Amino acid sequence: MTTKLQTKLTTCWLTVVALSIITQGLARNAAGQGFDVVQTTKPPSLRGEITKTSPTELTISVSGLERTIPVNTIVNVTYMDAPSELTGARRDMDSGNVEAALKKLKRIKTETLERNVVKQEFEFLHAMATARLALSGSGDKAVAVRDMRNFQKDHENSFRYYEVVQVLGDLAVALSKYDRAIEFYRELEQSPWKDYQLNAIILEANALTMQKKYSKALTKYVAASQENIPGLAADRLKVLAKIGQATCLAETGKPDEGIQITDEVLDKLDRDDFELHAKAYNAQGACFRNSNKIKDALLAYLHTDLLYFRQSDAHAEALFYLSALWEQDAKRERAVKSRKLLQSRYAGSHWAQQL
Amino acid sequence: MSHSEMIRWQVAAAFLLWPLWNHTLHGAEPVNEFLDGLRGRGYYDLALDYLGKIESDERISAEVKQTIQYEIGATLIEASRRQRDLARKSRQLDRAQESLRKFIASHGEHPMTTLANKQLGNVLLERARLNLFRARESADTPDKKLLDQSRTHFTEATAVFEKMVAELRGRLEKMPKVIDSDKESELFDLRETYRAQYVQGLMVAATVRYETAATFEPKSEERKKVLREAADAYESLHEKYRRRMAGLLALFGQGQCYQELGELDQALTAYADIMEAEDRPEIRALKTKAMKAMIQCWTHESQGKYEAAIKQGSEWVKSARPNEQRDPQWMALRLALARTLIAGADARKAAKPNDPFIKRYRLDARAQAKLVARYPGHLQKEARQLLVDLGSVAANPDEKPDPKTFAEANTAGAEALEEMQSSRWLEKKLEGQLNRVSDPKKQSEVEDQLADARLTADERLADAAKYFELALQFADQEVDTDQLSAVYYYLSFIHYSKGEFYDAIVFAEYVARRNPDSTSARPAAKISLASFVRLYQSVNAEENADSEFESKHIQDIGQYIAATWRGTVEADEALITLINISIQQKQFDDAEKYLEMFDTESARRGEAELRTGQALWSKYLRDMKALSERSGQAPPPTGDELNAEKKDLEELKTRAKKILADGIERMKEGELNTTLSSAVLALAQILLDTGEPELSSQYLEDEKIGPLRLVQDNHSVVQRPGFAEETYKTALRGYISMVPLAASGSDRDAIMEKAQQLMNSLESFVGDTPEGKRKLVGIYVSLARDVEKQIKLAPADMKNELSSGFETFLTRVSETTTDGRVLNWIAEMFFSLGNSNDSGEGKASEMAKHFYQRADEMYQKILDQNTGDSETLDPNLLIRVRMRMATTKRRMGHFKDAIDLFEAILKERNRMVDVQVEAAITYQEWAQANKNPDYRGAITGGRPDPKTRKNTIWGWANLSRVTGTAMTTSPKYKDTFHQARYNLALCRYRHALHKKGKDRTDYLKRAKGDITKTVVSSPDWGGPAWKSKFNSLLKQIQGSLGENPVGLEARRSKQKVSRAGS
């Protein structure tokens, strides 16, 4: 269920990576010139000194003039006095290499971090990396929750506040504490921005889906997909809602409608949006599975397994269903292989525990 | 075609030709030898078919027939052991059990009853094993119900074997203790057989006990109890037969019981005793099994004696003799030793990481696994996996380190793939070499090299997969799309090579559809299409195949390829595939649609045209046959329907003709192949059908592509069953059709001359053997049928011309020969001509009568040549000639002569059902031809035998009784039964119509009863066609009786009332 919040709330994956590469370049310049740099969805970037943060805003002093930036428009932040390991860890996180990020973070001597915002960023990245590992099934979820909660408690005014709230919700889902998760997502829904609210609704629907409350989830997905919110981030969220909708249709006796939706979605998806591809193929797999079209289902889930295996949660789900489908197709050896991979790579995941 | 396919085909062909051989078989049919041959080759389905056929064969002795049920049972058990599909396996065992029980019930005293009981025990044993396998199939929790069922079967099997042992003991006790083997050799041999069966029975009973243990929970007390009982049974056997092989086998069984009980020291003692036995070849195999079991005991977690296992195991393996290298037991031991060596290396590493033995052990493990991986067998895959797990570092310390970047992984993958291809190339070369080498020593060397090449290729393929998957892990946004596409393509190729088609499809389609401009896109698309085709083929090889998924995707990717890369080789290949699949699925419109998608200039268009054209022609022939069959059935299609269908068929024929002509035009300058020669023959046949025999002959005789020329030159492209015969037939038909079109007498003579030459050529083609002559008659008869069909279908003006042309031809041929077979063919041709000008109802036309007269003369000529000592024709053929002659006389209205002839035949062979049918028809037509008809002859028969006073000609009533009984065991009589019942009712009805008063009513009521009682023997009324005929006749009878003419409805209503009442 975990998603990259930053990605969802700003722009599509490719744009983020591209911007983040540019930003890193700028940051090196900024560090040299003594600026904090805030990259937003509306260029140009702002260079100056971050003076204040809150859950909804970040204030930066640019040439003595205070500029307030809404959090939902921030793409990236680099700090003039951040060690190179911190910047590198951020880059690793963006490219999904969480373990490398953690290694870099461990090399940082925290006592050398002088400014509070930089310390906060270090703690945030550490907690986020721990959470990502936990959510992929290979880390300790309880530790991740503890670190996130500590961050939330210690830095109530962090501009990362809503990101933290969402991850706490995701961790609650991973721990099967769905009611608690929904509380977090409802808190996220209280944010002042439409796209954040839309994201919260979808996350809540995801949690309902995990509880097999498909009808309730379907209502939320349909509502979300029909929201009239402009912008690339909102468009992407609406696609996510459609994918969720297809899964629920599959599970509520209307798999053919679901197949139609996934066909349309897959047809239009940005080719580099791996996360949405993985989710869409899994939804399609669910539809075929529920239509008793075993071979089509195998083919759908195999897309996630072979092409989008970096999407850990979706990959674990695909492996779970593949192991059952290979059995049905009388390919026991393949079934065992899928099961073993699920157990070894995503041992702590919701899907491995379902075996 | 592979060697095994070839043998299978030959056996199948031999089997299909078996009815023909029947005519020439002398002496007893070697049933057992043939059966053993079929079963030995694993052709169980053919063996079962054969057993089904001989059941009704009069030539097979009653003694052999008694054992058929036993043989069916034994065949099914053997088949079930090789069957992997569990449901089929279960069905085979059910059928085996049923057959064996039938055999025992019907032949309780037969000497083979003991064996049948043993086989019944085997059925139960196989069933027990099957249920046990199924129960444990789901690894987590075994299915308790299945375990219980398995145990019940084991118990039942034990009872069967124990009973068999008791019976054998009884027989042995009754035998004298001392038998002189020289004086009473048979009795001596019998006692030895009983003794051997007795020991075998004891051994099987103990083994069943041991296997029963597996139906209990692993550590349960019940399991332990059963294992101890089995161990005791083995112990007692070992004590009694210590010096014989049976004693050692029992010792091994005992060791296994102890091993399962966890009493490993005792197990090791038993196995060690086996290792001490003398070194005879049959004992060495058991010793090898024992050594493997010892290794299992030593390496058990409670023992951990890896060093002992490695030392003893390695020593025994070193003692392997050359002929034991490939023995499965030795392979299993080697694999177990390889695993032990790895475990030993790991144990040493844990104690001392730098221990030099670690590497040595791993190298030894690799050597053992490599030997196993060399040869096909069930362990090969496991050995290959072990080699992959061991990795190549142990074997090659200079190997490069693992790649760290996309580029490194990509390069490593490409290198591995290249090496794989080199090994595959070497493999092919060695395969060719192997076929040429005759020296056994050299052969063995090449075989070893081949095994190494295969292994290397497999290993490198696995490496390539590993590296390319690694490359995907490293891939980021910096990686060039084309490079990434290439990696996906390679992965699709690797998965395709491994038979993992779904995976191949996912990778291939990603490239083909996402990056259609990349260099890898087209080959990737080809892999996707090929993968779906392979899936389609494997699905279609199964029973009740549903290939909707596969064909849908084949169409999808095929159309995508054709549209995206139009005009390329790949697009053309895709279209050819689409056409082939469409033809296979009888979607001919689709095939034509795909044909249109070809570029006019495409090199493959001609080939596609030939295939499509031939498919359309085959469809035309099939549909035409179906239409003519339907015209003869009730209800026949209406005139409009018939015309519409005929019009559609004519259009189909025209399209087939055009497509074939275009294709042939395009392909005729290219290389000759089977498709082209078949297409030319098909076009020649179409041209005969469209009244263009001259053009047809031109195609057939074409210097380069003409099938007739190719057949006469014995060209390789026409070397396939039936092609030459079909070509000769078509050519002869062509000449026959050309005769009426000849402009002058000299032209006609020229045509006749050609036809004569062709017939000479055909005769020399089939050869002067009895088999060849039979073939020749077959060709001529089939040609007669084709001409008959052609005349029937021809327009009225052509019909007479064709018939007269054919007559001229036949007369000419008849003047040149006295050969009985050819004369018979000519007579058959005249008979066919009569038939094709005869509606079959009422009086025959003058034209028909003329041809029947010619046939009659010809039949008489044959009979005149074959009287008394001058009889040269097969007696069966002569009977047929007389029967045909009688039928001919009937159609000419010479009923008495016809009945005389039928009577003469039936006096010799009274139970020839087809002759009885013709005789009854003759009586019926005779009655019908009279103004005051008397149908009693048709109903009850006639011509009583003066001695028995029974009618020689049965009539419909007796025919229906005989066939009604016969069809309960042989369905081939079903149709005759319904024909007899229907005509019985029809004759009574028609007879009644010429009577008055009570007589009339009585006949009408009896006619009605003839119909309504039919359902007792035939609940389905013989199918829709017969049912409809019965229904409409019943309505007429009901009308004549003054009843409501509701037909069979009345019966249904009655049944409903009766059911409601009850």
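Start with Arg151(B) in this predicted model: Arg151(B) lies over the face of Phe216(B), 4.1 Å from the centre of the ring.

Over all chains, the structure holds 33 aromatic pairs. Take Tyr70(B) and Phe103(B): their ring centres are 5.8 Å apart and their planes meet at 55°, so this pair is tilted. Why tilted? An angle under 30 degrees would count as stacked and one over 60 as edge-to-face, so what falls in between is called tilted. The pair links distant parts of the chain, with Tyr70(B) in helix α6 (residues 68–82) of chain B and Phe103(B) in helix α7 (residues 86–106) of chain B, 33 residues apart. Both Tyr70(B) and Phe103(B) are buried.

Next, have a look at Tyr728(B) and Phe765(B). Their ring centres lie 5.7 Å apart with the planes at 45°, so this pair is tilted. It also links distant parts of the chain: Tyr728(B) belongs to helix α32 (residues 723–738) of chain B and Phe765(B) to helix α33 (residues 745–766) of chain B, 37 residues apart.

Finally, move over to chain A. Here Tyr161(A), Tyr162(A), Trp193(A) and Tyr196(A) form one aromatic cluster.

How values were computed: Residues are numbered from 1 along each chain as its sequence is written. Chains are lettered from A and ligands numbered from 1 in the order in which they are written. This is a predicted model: local features need pLDDT of at least 70, side-chain atom pairs count only at pLDDT 80 or more; totals for chains, interfaces and linings use all residues. Side-chain values use heavy atoms; hydrogens and water are left out. Rings of Phe, Tyr and Trp (its six-membered ring) pair if their centres lie within 6.5 Å; planes under 30 degrees apart count as stacked, over 60 as edge-to-face and the rest as tilted. Helices (H or I, at least four residues) and strands (E, at least two) are DSSP runs, numbered from the N terminus. Buried means under 20% relative accessible area, exposed over 50%, partly exposed in between (1.4 Å probe, protein chains only). A charge sits over a ring if NZ of Lys or CZ of Arg is within 6 Å of the ring centre and within 35 degrees of the ring normal.
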